[in-house]
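Biologist: I would like to go through a structure before planning anything around it. Please define each term as it comes up.

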Amino acid sequence: MTDSGAVADDAPQEVPGTAVEAPADPPVVPPDSGSSPRSTVGGTILVTLLAFVTALAIGAILIAVSDQSTRDASSYFFSYPWDTFSRAGSAIGNAYKALFEGAIYNPHTAANHTAAGYLGPISETLVNATPLIVGGLSVGLAFRAGLFNIGGQGQIIMGAIFAGYVGFHWHMSAPFHVILAILAGMLGGGLWGGLAGLLKARTGAHEVITTIMLNYIAFFTLAYLLSVRGFQAPPYGQAISNPVDGNVHLWPLLGSSMRVHAGLLLALGASAFVWWLLKYSTLGFKLRAVGANPFAARTAGMGVENSYVTVMFIAGALCGLAGVSQILGTNTQITGDIDAGIGFDAITVALLGRANAVGIVFAGLLFGALHAGGSTMQAYTPIDLVQVLQSLIVLFIAAPAVIRALYRIKATTGSSGAALAKGWNG
Amino acid sequence: MTTLASTEDVVVEHDVVDTTRTVARRLGTGGVFIALGVVTIWALGTAVRAGHKTALKFDAPNTYFSVHNIDVPGRAVIIALGVVVVLLGLWQALRGFSKGTLPIATAVVGLAFMAAFLCWVSARAQGTQVDVLGLMQNSIGLAVPLILGALGGVMCERSGVINVAIEGQMLAGAWAAALFGTVLGSVLGLVSAAVAGGLMGLLLAVFAIRYLVNQVVLGVVLNVFALGLTGFFYDAFMQPNTASLNTPKVLGEIDVPVLSHLPVIGPLLFQANLVVYLAYVLIIVVDVALFRTRWGLRTRAVGEHPKAADTVGINVLAMRYRNVVIGGAIAGLGGAYFTVGSVGGFSKNITSGNGFIALAALIFGRWSPRGAVAAALLFGFAQALQVMLSITVPSIPSNFLQMLPYVATIVAVAGLVGKVRAPAADGEPYVKD
């Protein structure tokens with residue numbers, strides 16, 4: 001009874017996403033009869049855009065409220081209201097201008113006429129987007145198999161530990177070393193994610209609980225390693241690891257003056273891989289079948305339990321790759337906050353990208369821009385605003401009805417995300 | 001005659017099918033018990049020198065009469081406890097406890113192991129006193145927010161809405177309690193914590209019930225939202241004006257007359273602050289309300305089979321709204337414990353994942369208030385033990401001890417609970433046909 005109920009509930013959500021991409025269907029004729037795919041995609045983009053605008057509008061209110069001079073002016077609001085509005089306007093303008101300058105184009109640095117001056121903000125956006133894309137792929141892939149991977153933090157930490165250890169402890173010639181370090185990082189994350197999958201397959205423990213707990217365990221494991229000789233950097237005063245060899249650095253893509261590194265290529269490669277995996281591979285078909293309806297998948301002879309382990313291993317490996325990008329690209333030494341909140345941000349990326357590879361790349365870029373801009377915006381308003389914006393965007397996207405009601409848009413079918421996490425009974 | 005034989009056949013067959021499944025389980029559980037007992041005897045018992053005493057402290061000042069602290073030869077007691085555990089394990093493996101007695105046996109095994117462990121902690125340091133009463137006091141203190149968070153979750157999930165946002169509700173509560181507790185006084189701070197938690201609950205309810213958003217996902221997003229919003233306001237207002245906005249008075253200890261002077265249970269249960277007493281009350285209220293009132297029956301009906309509930313005239317959505325908001329308010333109170341209930345001021349992410357542990361307690365406790373409380377106490381104990389061990393056994397790296405509550409959670413959820421059965425309609429939005 002439970003099961004049939006859950007299936008019946010999930011089915012209408014999953015149909016559009018799966019049906020469009022199901023390998024069995026001929027690609028020319030979309031089986032989705034309600035609306036043409038073009039209008040659905042257009043509607044989706046419109047809703048996404050409006051969600052973004054609405055979130056920024058709410059953010060603007062927060063900025064105005066938190067601005068000291070605006071609040072000073074509001075004390076005499078009724079005698080001279082214009083002051084309040086102009087000060088609020090300038091506070092909001094300054095903050096969002098800084099957000100734009102940090103993320104996309106900064107006229108002040110561009111005035112230097114150097115490459116870094118023109119492209120610096122974009123480079124920052126890409127640096128921030130890299131781990132978010134890979135992390136988003138990890139969460140998105142798990143979503144497609146009906147699993148919710150909140151364990152990104154732990155998997156990123158494990159990936160960074162493995163990659164970092166190979167990076168600073170082993171010494172060998174360049175190409176092997178960097179490949180080995182990347183693989184080690186993916187293995188580390190994969191094992192950590194696979195553990196959660198194994199626990200689910202063998203004991204039925206829900207992955208939401210186990211992955212969160214594994215996050216903490218990974219965090220304290222790292223804290224321990226950062227206090228151990230051989231891992232910790234001399235003179236052993238700080239909780240920071242040895243620096244990785246120059247051999248294993250992911251090379252900068254736009255010259256040494258900008259931070260964007262080859263991790264971005266790895267992220268794009270991973271996106272292509274996940275796209276292929278979900279769309280064309282037998283494994284991907286299996287995963288989607290399990291995600292859509294584990295009972296039907298079992299009846300069809302698919303190893304549902306095995307698929308949990310497999311998908312969590314791959315998801316973990318992807319997060320491990322995010323860790324690799326953090327330790328071999330963005331940083332060179334592991335610190336306690338090497339994951340930098342990416343594990344959780346990746347969830348919002350996956351949701352915004354509707355758990356499909358292409359969407360996730362764009363979502364990662366958007367949130368990467370928010371993060372890059374957030375650090376320059378910090379001069380005007382607390383950086384936590386980025387988190388608020390992020391959660392609001394995802395909230396509105398998850399509930400497109402809110403946006404449609406706000407802007408009086410007609411409903412289109414099939415714009416709800418392909419993302420699904422099973423309840424406790426699933 | 002033949003009919004009798006055939007029924008016997010059926011019975012025998014049934015029995016065989018049943019036992020092949022249970023034997024492995026029985027042997028497995030028994031094996032775990034035996035292994036634990038052997039570990040107790042070998043690793044703990046033999047590690048203690050024969051002459052060393054174990055001293056366990058149960059006494060506290062200001063009680064009617066003092067209790068004798070336990071002062072025993074360490075090794076003998078540890079080995080005796082280990083033998084008890086092994087014997088229980090052997091019985092389980094060979095004969096098997098019945099369904100009713102196995103939980104008791106498991107509890108005895110757990111307690112015996114913990115007692116042996118504490119004896120070891122004391123005896124290895126040549127009879128250093130281990131403050132068992134203090135340990136239990138800390139356990140309860142650390143468990144209170146978990147209890148409230150889990151009770152909030154019970155309210156939500158029994159009515160059919162998954163609440164992964166306990167963490168966010170607690171965080172909002174902690175924040176509101178600190179801010180309004182400073183401005184309006186600590187007791188009103190508690191009220192505002194409940195309101196803030198309730199508002200977070202309302203947000204969850206609206207998006208889950210009205211907009212049919214996937215509830216697990218929604219919960220996580222709301223956690224990020226709460227973290228961002230409280231962090232934003234903390235940076236914008238509270239941190240620059242700490243004195244006027246972030247220094248609530250910590251709720252004072254209230255001693256219950258007479259009861260607080262009873263030895264052991266007095267200091268343990270009846271010398272606490274308002275949040276703790278509220279937690280006691282809420283445990284009883286939620287338990288009674290859920291299983292003894294009309295409202296509770298409706299709540300459970302809505303959580304198990306909304307369609308049937310709707311058919312008999314229960315307003316499914318209204319029930320769910322009400323329960324989710326009340327649940328959020330209770331979790332918000334739990335959050336208040338972190339600020340006005342213990343340290344006073346708010347800091348970013350002050351709940352630090354306790355909402356997720358409360359969620360695990362809720363699942364471990366199988367969605368029942370009593371089970372959730374027991375699980376919360378267990379996790380509270382794990383945290384308290386970690387604090388105690390980091391002082392008494394400094395040779396264990398503190399980071400490993402800090403993992404303890406989380407490892408305990410995984411072991412509990414994976415090893416003891418396994419595949420759970422939530423309320424049947426938990427997480428399923430109800431849409432009228």
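Modeller: Two strands count as paired if DSSP finds at least two bridges between them. Strands (E, at least two residues) and helices (H or I, at least four) are DSSP runs, numbered from the N terminus. This is a predicted model, in which local features need pLDDT of at least 70 and side-chain atom pairs count only at pLDDT 80 or more, while totals for chains, interfaces and linings use all residues. Residues are numbered from 1 along each chain as its sequence is written, and chains are lettered from A and ligands numbered from 1 in the order in which they are written.

Biologist: Which residue in S2(B) is the bridge partner of Lys53(B)?

Modeller: Strand S1 (residues 53-57) and strand S2 (residues 70-73) of chain B run antiparallel and share four bridges. In S2(B), Lys53(B) has as its bridge partner Pro73(B).

Biologist: Which residue in S3(B) is the bridge partner of Ala55(B)?

Modeller: S1(B) also pairs with strand S3 (residues 129-131) of chain B, in the parallel sense and over three bridges. The partner of Ala55(B) in S3(B) is Gln129(B).

Biologist: Which helix supplies the largest share of the side of chain B that touches chain A?

Modeller: Contact requires C-beta atoms, placed from the backbone, to lie within 7 Å. By that rule chain B contributes 48 residues and chain A contributes 48 residues. Helix H7 (215-238), helix H15 (354-364) and helix H17 (398-417) of chain B each supply at least two residues of the chain B side. The largest share, 15 residues, is from H7(B).

Biologist: Which residues have the most contacts inside the largest nonpolar core?

Modeller: Such a core is a set of buried Ala, Val, Leu, Ile, Met, Phe, Trp, Tyr and Cys residues joined through C-beta atoms within 7 Å. The largest one has 237 residues, and its largest share, 16 residues, is from H7(B). The residues with the most contacts inside this core are Ala361(B) and Ala376(B).

Biologist: Is Ala64(A) buried or exposed?

Modeller: With C-beta atoms placed from the backbone, a residue is buried if 20 or more other C-beta atoms lie within 10 Å of its own, exposed if 12 or fewer, and partly exposed in between. Ala64(A) belongs to helix H2 (residues 37-66) of chain A. Leaving out residues up to four places away in sequence, Ala64(A) touches Thr70(A), Ala88(A), Ala91(A) and Ile92(A). Because 21 other C-beta atoms lie within 10 Å, Ala64(A) is buried.

Biologist: What percentage of the 426 residues of chain A count as buried?

Modeller: Chain A has 17 helices and zero strands. Of its contacts with a separation of 6 or more, 76% join residues 24 or more positions apart. The buried share of chain A is 54%.

Biologist: How many contacts beyond four places in sequence does the model have for residues 1-38 of chain A?

Modeller: pLDDT is the predictor's confidence in each residue, from 0 to 100. Chain A has a mean pLDDT of 86, with 88% of its residues at 70 or more. Where pLDDT is low, the predicted coordinates should not be read in detail. Over residues 1-38 of chain A pLDDT stays under 50, and the number of such contacts is 45.

Methods. Two residues are in contact if their C-beta atoms, placed from the backbone, lie within 7 Å.
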